[in-house]
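This report describes a structural model in terms of its cores, its strands and its helix packing. The sequence and structure are shown first.

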Amino acid sequence: METAPAKPRPYFVPDELDWEALPRAVQVAVDELVQPAYVELVLQASTALERAAGATFVHLLFLELLEQFDLGREVARCIAGRADDTEGVSPREEELRRHLRLVSQKEKAGKFLMRIHEFRLKHPHVFATGLES
Amino acid sequence: MENDGSVDQKRRREVQRFLAEHSELLRRQGSVVESWRQYRDRRLGPYYRLAYRDGERQCSVYLGRDPNLADEVRQTLERLQAPGQDRRRRLRNRDALRRAVARSRAAWNAELRKSGLWLKGGEVRGWRKCRGKTPSGADAPSEGTLTGVNDVDHEDV
């Protein structure tokens, strides 16, 4: 059976991350979800502040995706009753709590970006003269 | 010849039994090591052994000279250790992304500070202080500052 070729590494992926080791499903999700967010929130950002907040949002989104995938696998393994015969264990409460904290942080970064966006619509002249001036 | 075969078969069975009995230990560690011996001017080998650690002790199981048995043991170890290696790879990737998040948050915080705001946890703080500093007052956003963002929504972001 022929396997699909691995997706090329997106340029915003940190150097120390082993892209090839990511499951194909995660690579596709990064390509379909994280990449467009990076283009919109970082590459098309008009100020350094928006760019920095956008980069944080994008990295949090990527991490959320990765954790969701891992949690999903662990839950599936647990349901299949194989939690004890491999190194994986069922997701612990602490892991779930940490994941929820991550989602909450992403939401806060997103809210900030929305707020900036609404501000831009309300006061276009501020952005016309430049926020950092 | 027949004798050699039976010794090999016996060793194979012993090694297989050892692998089955110690699978829990070998899930985390263990490898097949190749070694050579010097006899007068001749280099003999390779001789294979399964090396592993039992607590602080370095131990090994002699596998003999049969490369097929060595390959079988290698494959068994790979199969046993694959879930652990996969898990470690995933953890390394998560750590790499966490570091990337920390770096981008630091950059975001540095940009916020230029506008008199700062990050605390995931929250952007300092809106009121920032507004208080504005020479033009609270109602209108002053040009070149982010103070007016506070007019959009009264909740802290």
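The model is predicted, and local features are reported for residues with pLDDT of at least 70. Its largest nonpolar core has 34 residues, and the members that touch the most others are A:Ala53, A:Phe57, A:Val58, A:Phe62, A:Leu113 and B:Leu97. Two or more residues of this core come from each of helix H1 (24–43), helix H2 (48–79) and helix H3 (93–122) in chain A, and from helix H3 (67–114) in chain B. With 11 residues, H2(A) contributes the most.

What does A:Phe62 touch, leaving aside residues up to four places away in sequence? The partners of A:Phe62 are A:Val30, A:Val34 and B:Leu97. Another core, of seven residues, lies apart from the largest one; its members include B:Val15, B:Val32, B:Tyr48 and B:Leu50.

**Packing of H2(A) and H3(A)**

Two packed helices are described by the angle between their axes and the distance between the axes. For H2(A) and H3(A), the axes come within 9 Å and cross at roughly 150°. Angles over 145 degrees count as roughly antiparallel, and H2(A) and H3(A) are therefore roughly antiparallel to each other. The crossing of H2(A) past H3(A) is left-handed.

On the H2(A) side, the residues that meet H3(A) include A:Glu50, A:Ala53, A:Phe57, A:Leu60, A:Glu64 and A:Leu71. On the H3(A) side, the residues that meet H2(A) include A:Glu95, A:His99, A:Val103, A:Lys106, A:Leu113 and A:Ile116. Two residues of this contact, A:Ala53 and A:Leu113, are also among the members of the largest core that touch the most others.

Chain B contains four helices and five strands, arranged along the sequence as α-α-β-β-β-α-β-β-α. Of its 157 residues, 22% count as buried. Among contacts in chain B with a separation of 6 or more, 31% join residues 24 or more positions apart.

Strands of a sheet pair through backbone hydrogen bonds, either parallel or antiparallel. In chain B, three strands form an open sheet in the order E1-E2-E3, with antiparallel pairing. The edges are strand E1 (31–39) and strand E3 (57–64), each of which pairs on one side only. On average, neighbouring strands of the sheet are turned by 40° against each other, direction ignored.

The two pairings are set out here.

| Strand pair | Bridges | Sense | Residues standing opposite |
|---|---|---|---|
| E1(B) and E2(B) | eight | antiparallel | B:Arg37 and B:Leu44 |
| E2(B) and E3(B) | seven | antiparallel | B:Tyr52 and B:Cys59 |

E1(B) and E2(B) also form a hairpin, with two residues between the strands. In the turn, B:Arg40 has a positive phi of about 50°.

Is A:Arg24 buried or exposed? This residue, which lies in helix H1 of chain A, has 12 other C-beta atoms within 10 Å and is therefore exposed. The cut-off for this class is 12 or fewer such atoms. From A:Arg24 to A:Ala52 the separation is 28 residues in sequence and 28 Å in space, taken from C-alpha to C-alpha.

Note on methods:
Residues numbered from 1 in each chain as written. Chains lettered and ligands numbered in written order. Predicted model: local features only at pLDDT ≥ 70, side-chain atom pairs only at ≥ 80, totals over all residues. Core = buried A, V, L, I, M, F, W, Y, C linked by C-beta atoms within 7 Å. Buried ≥ 20, exposed ≤ 12 C-beta atoms within 10 Å, placed from the backbone. Contact = placed C-beta atoms within 7 Å. Pairing = 2+ DSSP bridges. Axes fitted to C-alpha atoms, helices over the stretch in contact; angles between N-to-C directions. Parallel < 35°, antiparallel > 145°, perpendicular 65-115°, else oblique. Left-handed = near helix turned anticlockwise from the far one by under 90°.
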